[in-house]
Amino acid sequence: MFAFITSWNEFIFANTLLSNGKTQTITVWLADFYGGSRAVDWGAVMAASTLISIPVVIFFLLVQRRIAFGLTAGAVRG
């Protein structure tokens, strides 16, 4: 679970090494989609951000109980 979250959030590493358009991760693609021009289509950027975050939210909802159990299991004495 933590490996998935860590690899999903590894933007700087992916941005540095993956310059080819075919091998970019989705977060690097979103940064290129935003661009640097004056006219930014904020609606499209927000829609793409929402679509990108859906897999992470679904994954977290599926494993939420296990994460909570793992965090509290080490705090119990006895």
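The secondary structure of the protein chain consists of four helices and zero strands. Read along the sequence, these elements give the pattern α-α-α-α. The model is a predicted one, and what follows describes that model.

The overall dimensions come next. The C-alpha trace of the protein chain spans about 60 × 30 × 20 Å along its principal axes. The radius of gyration of the protein chain is 17 Å, whereas a compact globule of 78 residues would have one near 12 Å. Buried residues account for 12% of the 78 residues in the protein chain. The accessible surface comes to about 6,500 Å², and carbon and sulfur atoms hold 66% of that surface. Contacts can also be sorted by separation along the sequence: among those in the protein chain between residues at least 6 apart, 29% join residues at least 24 apart.

Two of the helices can be followed in detail. Two packed helices are described by the angle between their axes and the distance between the axes. Helix α3 covers residues 26-34 and helix α4 covers residues 42-73. Their axes come within 10 Å and cross at roughly 175 degrees. Because angles over 145 degrees count as roughly antiparallel, α3 is roughly antiparallel to α4.

Which residues of α3 and α4 meet? On the α3 side they are I26, W29, L30, F33 and Y34. On the α4 side they are W42, A44, V45, A48, S49 and I52. By class, this contact of α3 with α4 has ten nonpolar residues, one polar residue and no charged residues. Serine falls in the polar class, so S49 in α4 is the polar residue of this contact.

Between α3 and α4 runs a loop, and S37 is found in that loop. Is S37 buried, exposed or partly exposed? The relative accessibility of S37 is 49%, so S37 counts as partly exposed; the exposed class begins over 50%. S37 and L18 are 19 residues apart in sequence, and their C-alpha atoms are 22 Å apart in space.

From I58 to N20 the separation is 38 residues in sequence and 29 Å in space, C-alpha to C-alpha.

Terms used
Residues are numbered from 1 along each chain as its sequence is written. This is a predicted model: local features need pLDDT of at least 70, side-chain atom pairs count only at pLDDT 80 or more; totals for chains, interfaces and linings use all residues. Side-chain values use heavy atoms; hydrogens and water are left out. Helices (H or I, at least four residues) and strands (E, at least two) are DSSP runs, numbered from the N terminus. The radius of gyration is taken over C-alpha atoms; the globule rule is 2.2 Å times the number of residues to the power 0.38. Buried means under 20% relative accessible area, exposed over 50%, partly exposed in between (1.4 Å probe, protein chains only). Contact means heavy atoms within 4.5 Å. Accessible areas come from the Shrake-Rupley method with a 1.4 Å probe; for residues, only the protein chains shown count as cover. Axes are lines fitted to C-alpha atoms, for helices over the stretch in contact, and angles run from 0 to 180 degrees between N-to-C directions. Angles under 35 degrees count as roughly parallel, over 145 as roughly antiparallel, 65 to 115 as roughly perpendicular and the rest as oblique.
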